[in-house]
Amino acid sequence: MESLLQKAFSPDLFRQQAHNLVDQLADYLEQAQSGSLEMVIPYKDPEESLAFWQEDYEQGQGDVTEFFSKTIQYSNHLHHPRYMGHQVTPPVPISALAGMLSSMLNNGMAVYEMGLVSNPLERILSELLAKKIGFDKNGGGLLTSGGTLANLTALLAARAAKTDVWEDGTNERLAVMVSEEAHYCIDRAARIMGMGNEGIIKVPTNELLQIRTDLLEQYYQEATDKGLHVIAIIGSACSTSTGSYDDLEAIAAFAQKHELWFHADGAHGGAVVFSDKYKYLVKGINQADSVVIDWHKMLMAPALITAVIFKRNDDAFRTFQQKAQYLWANQHSKDWFNSGKRTFECTKLMMSVKVYAILKAHGEQIFTDNVEYLYDLGKQFATLLKARPNFELALEPESNIVCFRLKSTSGTLNELNANIRKRLLEEGKFYIVQTTLGDKLYLRVSLMNPLTTETDLIALLDEVERLGKVVAS
Ligand SMILES: Cc1ncc(COP(=O)(O)O)c(C=O)c1O
């Protein structure tokens, strides 16, 4: 008799379940593209959703095919062209297949022997990005689990380059400079590193929500006068709320003058390094000491896969210098093939396989096409908004992130737009989010799906106008 364990590993069962799942996912793709998938987001409130799954759980062991089907049905559908919410890509299908491959092989990466394929692929991908950024042959880096961890990794490398805290601890008050519009993970990273409120010097932004480079000197002097040791400056490329690009060239010059580490957070918009049309937005990025780029935002791969690229790849080896006798013999050797020496993760997903599969199947051009199509679409959306007097555009978009709101003669605009967004969520035919700029609430789209068209954008604006009348009445 076959044991439970033997049955669970049955090749025939796997073949059958996998075929079924692939069929279900292909149907999902087809429906999303043909318009027959009605809901982008089948929203339920959290308690209702929990009750639904608790009931499912209480039914005990059952048909996994049905579980897969329900998971598809009740999830947020990023492949629907009317998904325009958070900055997560609808993964290009080949990368999802590579996800299945890598989950099955499960080579944990920390040491070369546990990542015979994924470690070399990671090096190739890091060198590809280093070249795109404009670094010379000394450039290189690693992959890690998301932009948040990647930014923390880069800032730890900055600290290792500027201080001996890792070995000796310190009484010094360290600080970093960043725009007040930077992603919250920078603030979090600085706090994790013990810098506290004072150590996070938030520089105001201009009307385009880019860091005010004319204020850098003043903020730096004030910090040093207070006894802070500023170690790094971070440029956003681009910011999260509005997709605004900081002036990286000016930041680079400032960093050089004061011998600061210059880090570029390109989690979202660093992907323009693949586009001749849009790479002007990151002019100066080649002068950064470190750059973060998410493959799972603009570069079509499933979450989480983030690149941390260093101008001098050797810097990466200082970040986590530690003895781990059972893993590697020499703490100080710079072996690129032992992933765990340079990353937070010990066991790590075979991330590189998912990105490499995209390159193998479609070539580099697919990244260029994706970035250019979506950034063009952002501009197209702004043009549509400006042609409709009922709408206000928060600022001219530099990327595929666009903030706007419906105007009205009655009631407060914040309330009106918040209610519209709530209704959109409940109805589930579009998925967009909201953000607050100053004291104004805006609707916000991140155009992440390359199958979204102008027709979808017009339909969104029609729907927002219609809901505007509904919620106002
Ligand atoms: C500029 C920027 N940095 C960092 C992050 C965090 O990245 P992740 O969600 O991969 O942790 C984001 C996410 O939106 C971002 O926009």
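I started with strand E4 (residues 228-236) and strand E5 (residues 261-265), which pair in the parallel sense over five bridges. Strands here are DSSP runs (E, at least two residues), helices are runs of H or I with at least four, and both are numbered from the N terminus. I count two strands as paired if DSSP finds at least two bridges between them. Ser-236 stands opposite Asp-265 of E5.

A note on the source: this is a predicted model, where local features need pLDDT of at least 70, side-chain atom pairs count only at pLDDT 80 or more, and totals for chains, interfaces and linings use all residues. Residues are numbered from 1 along each chain as its sequence is written, and side-chain values use heavy atoms, with hydrogens and water left out.

Next I traced the sheet that holds E4 and E5: an open sheet of seven strands in the order E1-E7-E6-E5-E4-E2-E3, with mixed pairing. Its edge strands, each pairing on one side only, are E1 (140-144) and E3 (200-203). I noted an average twist of 20° from one strand to the next. Axes are lines fitted to C-alpha atoms, for helices over the stretch in contact, and angles run from 0 to 180 degrees between N-to-C directions. Helix H11 (residues 248-258) lies across E2 (173-179), E4 and E5, at about 160° to E4; contact means heavy atoms within 4.5 Å.

Then I turned to the ligand. Which residues are closest to it? Of the 14 residues that surround the ligand, the closest are Gly-147, Thr-148, Thr-240, Asp-265 and Asp-294 (near means a heavy atom within 4 Å). Helix H7 (residues 147-162) gives the largest share of the shell, three residues.

The distance is 2.8 Å for Thr-240, 2.9 Å for Asp-294 and 3.1 Å for Lys-297. The protein buries 87% of the 390 Å² that the ligand exposes when taken alone (Shrake-Rupley areas, 1.4 Å probe).

Last, I checked the other sheet on my list, an open one of four strands ordered E8-E9-E11-E10, with antiparallel pairing. E8 (391-393) and E10 (433-437) are its edge strands, and its twist averages 40° from one strand to the next. Within it, Phe-404 has Leu-443 in E11 as its bridge partner.

Conventions:
A polar contact is a pair of N or O atoms within 3.5 Å; within protein, one must be able to donate a hydrogen and the other to accept it, and residues adjacent in sequence count only if both atoms are side-chain atoms.
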